[in-house]
Amino acid sequence: MTAPTTANIAQGDARVGIQAGVVHGNINFYRLPANPSPEEQFTFALKYLEARVREQARTLIEKAVAAGYATTEVQFYRVIALLSGRTLRQLEPEELDRLLSICASLPHLDEHDQWAAGLKVVVRLLTPVSDAEKDLRVKEIDALSRPQRDAIYGHLEALLEGAIQDEMWRRSVALAESRRADNDRFDRVWKFFHPVPAQPRTLPVQPPAVPLRDRLRAAVGATVFALAVAKLIVPVVTGGMVRPLLGLLAGLIGLAAFCVAGADRHYRAKRLREKEARIRPPRQRRSEAPAGGFARKVDRLFDRYFRRYVPSGTDRGYWLEQTAGIRRHLRDEVVELYREQRIDAERIAWLVRYLVGDVRSQWERDTLTVHRQQLRNPGRTNSFYFGGLSLLAAGTLWAAPAIVARAPLSGSCWLLLAVISVVPASRSLFRIAAERRRVADDHVERDTKSAARWEAYHRWCDKLSDKPSDTEMAAWLECDRKVLVNQAMQQYRLHPSDVIAHAFIEAPAPACKKARYPQGPWRYSRYQLLLFLLTDDGVRQINIALDFETAASRLTQRLNYRFDAVAAVRIDGVATQQQTFELTLFNGEPMSMRVSEPDNETIQHDESASKIAELSLDAAGLSHTLHVLEGVAAEGKEWVKHRRRRADERLTHLASAIHGLIE
């Protein structure tokens, strides 16, 4: 036997970094109704059993039975839950008594009931099986319908001993390997850890912002100009002067054309400056947002996707440099839209991807600067602008001499007043008209943006619509466990019958993602696994890193040590805060692994932090592993001998009782 060695895993104050947890709050998969009926308790017990939260499943089934709901299906799953993942020697005396009471009902069961048939097969497996009977027992299992057969192979692989144990294990592993990638696991599993996407938003259109001074200038200027023109027209009309009158009319027509075209030119120039400001690279580097805040997370999202979505045939550095202004503008918009709602940045990652993808698409179509063409002054506007200005000047010069000649003082004053009033009034009118037009165009742009974002949102929701259920996640993880245990046995050249018991410790790996259903256990995208194989020679410990999204695993350490080398096993910490599993050998430093993290932020109103921690640790197999290792630490190899002797006495009584019932 190799000398024992030790390793520290996330020891001391080291942090196991985990991304913020996702709780799929819109799913009532594990939410029991108030005052549940026995049927409802049993239904939810099956869900927990499929999720390998065995203790909760046993509790709910026993409540249903105590309330009088004890059909053959209930009794079948009652036995499955009682024996799931355990050997007969691991059952407590009261559990063996419960098992015997179930067996006592066998003679009264209907022979044609499929659940009764499954229950009888399970009970027969509790009696000693000779090599000659092995094939018969396996054929009995295979003759059952799929629900009973899958339950037996999926939960009772550790139940038996000897040759049939090896055969049951072989079939169980073969089933796990065949179903490890069932239901498009590798295309869907990532969706379980994806948060519910936040709905799209667009910035509201700012109402017209016209300063009071512009309104006053336009109103006063227009009034004064109208008064001055009237004063100029009266003497021309009363004097019967046709040519000056035609000059004034021509000037007014030119002024109208100039104002219409000038307002259009002013708006186009202002709009162009605003559009250019959105794509112009920033002149100075902006100070970084506070670490850990929402804005910093949005910064990272934009940086990540702009680096990833580089247009084909474009240098990444050039792309990032040229789109710096766009990136800044889009980032500021997203932060402004979602900051006040305490929305996790990952919920809007889909929107960031869409925005970046849209920029890339415009770049590839060469439409990023299409606004320059759209806002270019058309020939008609230029013609009206310069033609109107020319007509205004010509008409004024044509009418002015006659007016001044007829009324030198008053005519000159009214001409001067008309010129002085029309200049500021026209400028203010340009700004007012541009602002109103800006509001109209902003509404059109906002509606277009909103429609495109909602379309992208629905596409993303459709992509997430086949998110795995929690039971699928549990089934895949259980398949991974069995395959890994089988690989470990092959490495050590062990048969299943050589292993007294095997146990897992599951912990989240650094920087993993995590998610759960309400009232359900946490699931992680990457795990740290400690596998313990107890044999007559001692303990084989294998440390494994498992990437659950790809099912790729990596053995990080193998340890062998005698039973009497185990000095202590313990769990430090409070379940609702932080718990650390610690295994100490007599000649080494403690091996520690953080198995739970504080989880107060994701607890919903109808949940208990301690209950969620209990469910997660149950699903991780911690209680079973502690029970085994604490016994080893307390008594060493003698614990195995004593446990076998004590269990064998009870099992002999159980076997004889079952044999009598079957006969």
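Tutor: Let us begin with the largest nonpolar core, which has 77 residues, and in which Phe76, Tyr77, Ile80, Ile152 and Leu533 touch the most other members. A nonpolar core is a set of buried Ala, Val, Leu, Ile, Met, Phe, Trp, Tyr and Cys residues joined through side-chain atoms within 4.5 Å, where buried means under 20% relative accessible area, exposed over 50% and partly exposed in between, with a 1.4 Å probe and protein chains only. This is a predicted model, in which local features need pLDDT of at least 70 and side-chain atom pairs count only at pLDDT 80 or more, while totals for chains, interfaces and linings use all residues. Residues are numbered from 1 along each chain as its sequence is written, and side-chain values use heavy atoms, with hydrogens and water left out.

Take isoleucine 152 as a guide: setting aside residues up to four places away in sequence, its contacts (heavy atoms within 4.5 Å) are Phe76, Ile80, Val121, Val122, Leu125, Ile141, Leu144, Glu157 and Met168.

Val121, Val122 and Leu125 are among the buried residues of H5, along with Trp115, Ala116, Gly118, Leu119, Lys120 and Val123. Helices (H or I, at least four residues) and strands (E, at least two) are DSSP runs, numbered from the N terminus. Helix H5, residues 114-125, reaches 17 Å from its first C-alpha to its last, close to the 16 Å expected for its 12 residues, the expected span being 1.5 Å times one less than the number of residues. Because nine of its 12 residues are buried, H5 is largely enclosed by the rest of the structure.

Serine 84 lies in the loop between helix H3 (72-83) and helix H4 (93-103), and it counts as buried because its relative accessibility is 1%. Its side chain and that of histidine 155 are joined by a polar contact of 2.7 Å; such a contact is a pair of N or O atoms within 3.5 Å, where, within protein, one must be able to donate a hydrogen and the other to accept it, and residues adjacent in sequence count only if both atoms are side-chain atoms. Beyond its neighbours within four places in sequence, serine 84 is in contact with Leu49, Arg54, Arg58, His155 and Leu156.
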